[in-house]
Structure formats: C-alpha cells, structure tokens
Amino acid sequence: MILDLDKFIAKERPFWDELSELLRVRSEDPERHAPLEEAQRFYYLYQRTSADLVKLNTFAGEVETTRFLERIVARAYSHLHESGGESVPFRPLEWITKTFPCTFRRHWLAFTLSCLAFWVGAGFGAGALALNYDLKGDFIPPQFSHLNEKPSKRVEREEKQDFDAFQGRHTFSSQLMVNNTKVTILAMVLGFLWGIFTFVMLFYNGTLIGVVMFDYITDGQGTFLTAWLLPHGSFELPAIFIGGQAGLVIARTMFGWGTNLKLRQRFSRIRGDLLTLIGGAALLLVWAGIVESFLSQYHAPQFYPWKIAFGAIQLIALVLYLSFAGRKRTPEA
Amino acid sequence: MLGRTTSLEVRTPEGVTFQVPIASPFSRCLALAIDFAVVVALTLLLSQVINLLKFSVSEIPIIGDIISDFGSGAIVLLQFLIFTLYGMITEWLWSGQTLGKRIFRLRVIDERGLSLGLKQIVIRNLFRFLDILPSTFYLLGSICCLFTKRCQRMGDIAAGTLVVREVDVKPPQFSEAISVEENSFATAPHLEARLRQKTPPEEARIALDAVTRRSELDPDCRLRLFARLADHFRDIAEFPEEITIGLSDEQYVRNVVDTLFRRAAA
C-alpha cells in the first residue's frame, strides 16, 4: 500500500497543528498544570501523530513531512515522559532529618576513605615540617601567605587588636568560603577521573592543615589554633570530607565494580545521592562561613574557652546527627 | 570527531523512532562564549551597584564601615554565585537553554530524549568546575566533547544529558513539491493501476525523495539519477509511446510519483 500523501496530509494536518499549539503553550509556561481534558487530548494527539509518523515511514517515506513529524513527536515525547522521580515534592524538613543523614551513612566507607586521605595528608605535612621547618614556605600557597608569619607573632598582634568587626575580615571570610566551596565541589567532580584526583586534592588540603597545626602547636599556640579553627572547622572540614565522599561515590560508579550496568545507568542511580551529599556539604559550608565571619576571626583571649566549647558542641552535635538522625526505631520484642 | 554520531535516535515505548540532531562542538563553543560574556557582564554590573552603594554610604560613620566591608565580601561571593548558578537557573527556567544556547538554537535534553530534570541540571553545571580545567580554558570538557560519540562533556555524561540543535521544520508543502500540471499517464488508467500494484513501497519512497529533493542535487547527478529511475519504472509498467513522447526522464519520474502518491485514491 502506498499512501495518497496529499489526502493524508490534508486529513491529519489539523491534529499536528493542534499538538504543535499545545506544545507551544506548554513550553511558554512549563509550570502550568494542564486540566485533565487537555492532558488527555495531548496524549491522544501524541499517539495519533506518532502513528502518522510510523505510517509515513512505512508507506511513503517523504522526507520533509517525516522530519516535521519527528520534531513534533520528539517534543511531545519529552513533555509526556518526564525524567523519573522529579515530580516528588521536595520536603526540606524530611530532607534534613532523614534523607541527608541516611544518604551519608549509606556511603560511610567513602566518607572514611575521604577522611583518611585528608588526615594522612595532614600527617605528611606535619611530618615534613618536623623534619625540615624550612619547607613551610613551600607548602603554603600564595593566597594564604599570612600563614607564613611566625604563629606567636601573629597571636600577639591579633590579641592586641580591639574588637573591631569591620577590618576587611568579611571580605577575607568570603574568600575563604568561596575557596572551601570550590574545594568541596572539586573534590566531588574530580571523582569522575576515577577518584585519583579526589584523593590528591584531599591529601593536599590535609597537608596544609598539617603544616599549620604543627607550626602553631610547636610554637605553643595550640589554644589559639583551636579557638581559631574549631568553631568553623567543625563544620567546614566535614563538609570537605563529604565532598570527597561524593567524589569517591562517583569514582566507584566510574569503575562499576559489582555491577554489569552501563555507565549511564550507574550514574542515574547515584545522581540523587550525589545531590543530597553536595547539598548537605553546601549547608554545612554556609553555616561554617557565617561562623567564620562573625566568630572565628575575633581573637580576644577571654573568648577562647567559649569559642572552643562552641566548636566542640557543634562537632559533637554533627557527629550525633550524621550517626543517628533518620534511623528507623526497631520495635521492642 | 572519532566515530561521531550526528543525531540521537530515540525509540519510544509506542514503537516510534525519531532522530534529534546533536549540536556540534563549534556551535557549543559559540554559545559558551556568549554565556561567558553574560556572566562577566552580570558580575561587573552587580559589583558596580555594590560599589556605588558603598560609596554613597561611605561618609556615614558606622554604617559606612559595615556596608563597605560586607560589600567587598558580597562581591567575592557574587562572582562565585553568578558563575555557579547562571547555568542552573537559566537551564531550569528555559527548559535546557541558556542565553547563548537560545541564540544559537541549542538545547540540553536528557540523553533518552526526555526533558531535563532538576538533578540533571545541577549535576551538569557542578561538573563545569571539572570541565573548565585547567584554569578556565575548558580543556578537559573540550577533549571529552571531541572524543565522545555524542559530543558530551564530562558534566553531560554524569548528568545523562546532551546538547541538541533545535531545527525549525516548516509544515510540509507536499503538493507544491511534486505538483504535475498534467499527468499524461492518466490517459492509461490500467497501466497506472499496474504501476501502483507492482511498485514496492521502498522504491516508491526513493522516487518520492528524488522528486522532493531534486533541487538539492548537482545537475549531472540529477540527470543520471532520474535517468536510472525512469528506466527502472519503465521496466515495471511500460506506457505507450504516444503518452511518453517528449517527456524527459525527470518528468517521467514526476508522473510516476504523482500516480503513486497523489492519485492513488482517485
């Protein structure tokens, strides 16, 4: 059978035009909820146009009309078959109390490895400095050049300063916040290169912390260091570790151990977890940034115990939250 | 570049197969350049607004200091936020398009032909931090684009997306394409019937394609193609000489197509 194309087009064209019009309305207002009748009509038109496309391919194969129908069917198809799970409404409270900690615990091994890479780096930095203190300048990057100053001198200078909130500290804090967020995101996305560079990045950042810790502690400034770093570091470092954790989840997906799924399918399975982890890390970083701006940078000695207590409480709360929040209670026997 | 496919073939659950043209790396680069310019312009604009605000309150003793310090911090944060969120927000609002992609008629879609989800948008934009490396030269992303079959950067692979070309296809004007003023075959309806009966759909499709796309062919190719097609259809149903006298090969094939497709139901 060969189609009478003129007749076929004349008969079907109104349906194609109607579908094109509905598509135009939908693309102009993607958030619009179509009434049931319209949705049913849309589906009917999609099916009818799809059938026309098949008919045309089978019995006529006229290129222009086929292309035209392909475009309409492609657009209608993408509107009808939304990506799975997107329609589930986002519930912030449930996300914080359940989704994030549960996702974190599901990938605990990746988090452990992430922490390990960082603290091995810290050990390496401290060890290198213990062997040769002159290496300090080589470890510290230009943007943290203020760390080259002898710790006791810096502490003396900082402690003498008045409590002045407006000395460019917020700019500096913003720079740190941006830097930490970049490090966290990079730790995640570098997992795509089979995790090698996630480890490198965590190790490198750990080295910096190790150098700074060794420098301050050997100079007798341990209390200052704790009061300076703990209030924001108790959230900031876990956020970076979580970025690394997400990176290692990606790395495992790249290797595809224990599954015969294709890369595309493997990625579609972890996408939700990745966003949850990076979302959680982002929240921690925002809070860490606020604390760093308003608390960490003020170095009055009388505040040290309070700052340390604040940081310690934050850290304990975070550990408890990530360990226990969202766990299902087992019914008593 | 290497074994590159130029279109995404999608097979729907309804059994329909359609193709979506994939954007070339060059058009993606141009769109990226526009987006980069927009990001820079937005950053400069907002920085200037904040600087203006700082300047206007700088004389006020305490508030001036507060605004000045917070303003400088805000500029640093804004630069980062605009770079990170520009792609996410525009792709979410414009269903897979940024300003650059809108101008060059490109769109990000799910690699199964579906519309984009929020997760995919966020992931592909976060992976930009990897694709732009080293520094901001987009080297990793470009290499990945060149060496993947569907021109996907790493963000696209992780998010399961690809960038396609939006093609404006005009509604078909079939009648004009093959219109024959007077089909001399009509005087031999029994031969027309034989032609319709003996011509398989695939061969009819080839003749129709040749007629509708004849203006795209080189003159030599056009002559040769229609000569071969006319010979073929003459073998299927031989019309008497008084009907075909003076008909060129091309006209002969147009008459065949007219008989097969337009006059089938007559």
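Q: What makes a set of residues a nonpolar core, and which residues have the most contacts inside the largest one?
A: The largest nonpolar core has 101 residues, and A:Val73 and A:Val189 have the most contacts inside it. A nonpolar core is a set of buried Ala, Val, Leu, Ile, Met, Phe, Trp, Tyr and Cys residues joined through C-beta atoms within 7 Å. Helix 10 (residues 222–255) of chain A gives the most to this core, with 16 residues. The model is predicted: local features need pLDDT of at least 70 and side-chain atom pairs 80 or more, whereas totals for chains, interfaces and linings use all residues. Residues are numbered from 1 along each chain as its sequence is written, and chains are lettered from A and ligands numbered from 1 in the order in which they are written.

Q: Why is B:Val76 called buried?
A: B:Val76 has 20 other C-beta atoms within 10 Å. A residue counts as buried at 20 or more such atoms, as exposed at 12 or fewer and as partly exposed in between, with C-beta atoms placed from the backbone; B:Val76 is therefore buried.

Q: Why are helix 10 of chain A and helix 11 of chain A called roughly antiparallel?
A: The axes of helix 10 and helix 11 (residues 263–296) of chain A cross at roughly 165 degrees and come within 8 Å. Angles over 145 degrees count as roughly antiparallel, under 35 as roughly parallel, 65 to 115 as roughly perpendicular and the rest as oblique, so helix 10 of chain A and helix 11 of chain A are roughly antiparallel to each other.

How values were computed. Helices (H or I, at least four residues) and strands (E, at least two) are DSSP runs, numbered from the N terminus. Axes are lines fitted to C-alpha atoms, for helices over the stretch in contact, and angles run from 0 to 180 degrees between N-to-C directions.
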